[in-house]
Amino acid sequence: MNDLIAFYQHIGPALSLLVIMTFLLAGAVKGVIGLGLPTIAMGLLGLAMPPAQAAALLIVPSTITNLWQLAAGGHLPALLRRLGPMLVMIFIGTLLGSAWLGIDSGPWAAHALGAALLVYALYGLIGPGLRLAAGREGWLGPLCGMLTGIVSAATGVFVIPAVPYLQSLGLSRDEMIQALGLSFTVSTLALALGLAGQDALGGQAMGASFLMLAPALLGMLAGQWLRQRISAVLFKRCFFIGLAALGGHLLING
């Protein structure tokens, strides 16, 4: 507990408030559209702290909220069979990427984070609605998994190219939500192992991450309430526009 108090004393009250508000917002976005918690958290926290520190803070909230999302629906066995090769390669790619690149391996880390956010935002705004032929899943799924793992290891962002790939599979809404939860859970656990291997995920960081679970869950509940009262399409467009601006800023200014 003393180490945990020391962590927040070290970053100061202003940054502590930013961390709390970030996880409230990120949880709310996830509650509305089913994704966005690590993306928002990494983007906003990347403005004020090294990406490795931001990634360590999101481990517990991301894992618990993704498990919550994963538990909804009855499609898990079928999704595991269909997405298993991609998930295995996400795990392997993240560990290899952590050993090769590392999320805190140089001053380019924040620029890489900005590039990942910008690419994802632009795809969300103007990307074509792709539909993948079933015969291509056998090789494209593992390839997307490996690339997603490497990008995750370098930036802490799990969405490129996993989310466009999942969107191309023609899944139902419930299947898609559960598939996202499954993919993000594997990515988060693999990232945690990668951070631990870089000595970036000690007891102090895990304790600080655990404290962010409450605002993330509160935000997610608020987002689920809000989802019934607003246009999901408009909200998603605003989300991607804001994400593009954030990613562009990080890409240019680091």
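Please keep in mind that the model is predicted.

Let's start with helix H4, which spans residues 76-100 and turns up in several parts of this tour. Two packed helices are described by the angle between their axes and the distance between the axes. For H4 and helix H6, which covers residues 137-155, the angle is about 30 degrees and the axes are 6 Å apart. Because angles under 35 degrees count as roughly parallel, H4 is roughly parallel to H6. Their crossing is right-handed.

Side chains of opposite charge can pair when their charged atoms come close. Here Glu137 makes a salt bridge with Arg82, and the closest N and O atoms are 2.7 Å apart. Since Glu137 belongs to helix H6 and Arg82 to helix H4, the pair ties together parts that are 55 residues apart in sequence. The count comes to one salt bridge under the rule of a side-chain nitrogen of Lys or Arg within 4 Å of a carboxyl oxygen of Asp or Glu.

Pro85 lies in helix H4 and is partly exposed, with a relative accessible area of 42%. Its C-alpha atom is separated by 15 Å from that of Val163, 78 residues apart along the chain. Val88 is also found in helix H4, and its relative accessible area of 47% makes Val88 partly exposed. Between the C-alpha atoms of Val88 and Ser172, 84 residues apart along the chain, the separation is 23 Å.

Which residues make the nonpolar surface patch of about 320 Å²? They are Phe91, Leu95, Leu189 and Leu193. Helix H4 and helix H8, the latter running over 173-197, each supply at least two residues of this patch. Leu189 lies in H8 and is partly exposed, with a relative accessible area of 43%.

Now let's look past the end of H6. Most residues other than glycine have a negative phi, and most peptide bonds are trans. The bond joining Ile160 and Pro161 is cis, with omega about -5 degrees. Pro161 is in the loop between H6 and helix H7, which covers 162-167.

Helix H5 (residues 109-126) packs with helix H11 (residues 232-253) at an angle of about 150 degrees, with axes 7 Å apart. H5 and H11 are therefore roughly antiparallel to each other, because angles over 145 degrees fall in that class. Their crossing is left-handed, whereas that of H4 and H6 is right-handed.

Gly124 gives a way to look at this part of the fold residue by residue. Gly124 is found in helix H5 and counts as partly exposed, at 34% relative accessibility. The C-alpha atoms of Gly124 and Ala244 are separated by 9.6 Å, although these residues are 120 residues apart along the chain.

How values were computed
Residues are numbered from 1 along each chain as its sequence is written. This is a predicted model: local features need pLDDT of at least 70, side-chain atom pairs count only at pLDDT 80 or more; totals for chains, interfaces and linings use all residues. Side-chain values use heavy atoms; hydrogens and water are left out. Patches are made of residues with over 30% relative accessible area and no salt bridge: like charges are joined within 9 Å, nonpolar side chains (Val, Leu, Ile, Met, Phe, Trp, Tyr) within 5 Å. Accessible areas come from the Shrake-Rupley method with a 1.4 Å probe; for residues, only the protein chains shown count as cover. Helices (H or I, at least four residues) and strands (E, at least two) are DSSP runs, numbered from the N terminus. Buried means under 20% relative accessible area, exposed over 50%, partly exposed in between (1.4 Å probe, protein chains only). Axes are lines fitted to C-alpha atoms, for helices over the stretch in contact, and angles run from 0 to 180 degrees between N-to-C directions. Angles under 35 degrees count as roughly parallel, over 145 as roughly antiparallel, 65 to 115 as roughly perpendicular and the rest as oblique. A crossing is left-handed if the near helix is turned anticlockwise from the far one by less than a right angle, and right-handed if clockwise.
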